[in-house]
Amino acid sequence: MDIAPVPFTWDHFSAVIEEITQQINPFDWEPDYIVGIVGAGSIAAVILGEILDKPVYTLKVNLENPEENECNCWMAEDAANGMNILLVDGYNKTGEVFAWVKQDWHSNVLGLVENRWDIIWQKNVRLAAVVNHPDSPVSVNYAGLHSYAQWKFPWIREKTS
């Protein structure tokens, strides 16, 4: 038996994004720019960028069709050179998207950072999810909502034939 996704209203989405902005303490850490994973992450990133007054970029990660994935090496180089990057995804259920980005970026700066990548990833690259699954094997730094439920974002429409 499939459980229907819980509808996310635009008001709820806005409140969840505001929750993420409240968690980011500019005295502790502040992004130089924000990267939204194409999909819900890019929509959230644009709103966060407006609120935090930061530039926003996107990154396409499609684990079902890896040939579609983008490899933006310059982002990894920015992190290795000390820039702070907030990476945003809509859902963090399995952590596979964040894990893919971490591995991809690491492979692009391997010669620059040698054995420091795990430190750079935690210090300069921080993770945010609109919805974070509490049992995800990859922890995020900022989450708008911790939930086991499957959510249906407000821009998702029923497909008609």
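"Buried" here means under 20% relative accessible area, with exposed over 50% and partly exposed in between, using a 1.4 Å probe and protein chains only. Keep that in mind, everyone.

What we have is a predicted model, where local features need pLDDT of at least 70, side-chain atom pairs count only at pLDDT 80 or more, and totals for chains, interfaces and linings use all residues. Residues are numbered from 1 along each chain as its sequence is written, and side-chain values use heavy atoms, leaving out hydrogens and water.

Let's begin with the aromatic rings. Rings of Phe, Tyr and Trp (its six-membered ring) pair if their centres lie within 6.5 Å; planes under 30 degrees apart are stacked, over 60 edge-to-face, and the rest tilted. Searching the whole structure gives 15 aromatic pairs. One of them is Phe8 with Phe153, a tilted pair at 5.2 Å centre to centre and 45° between the planes. Helices (H or I, at least four residues) and strands (E, at least two) are DSSP runs, numbered from the N terminus. Phe8 sits in the loop between strand 1 (6-7) and helix 1 (10-23), while Phe153 is in the segment after strand 7 (151-152), so this pair ties together parts 145 residues apart in sequence. Both Phe8 and Phe153 are buried.

Now for another tilted pair: Trp117 and Trp121, 6.1 Å centre to centre, with 45° between the planes. They are 4 residues apart in helix 6 (residues 117-123), so about one helical turn separates them. Is Trp117 buried or exposed? Trp117 is buried, because its relative accessibility is 3%. Trp121 is buried as well, with a relative accessible area of 3%.

Finally, ring pairs link Phe8, Trp10, Phe13, Tyr91, Trp151, Phe153 and Trp155 into a cluster.
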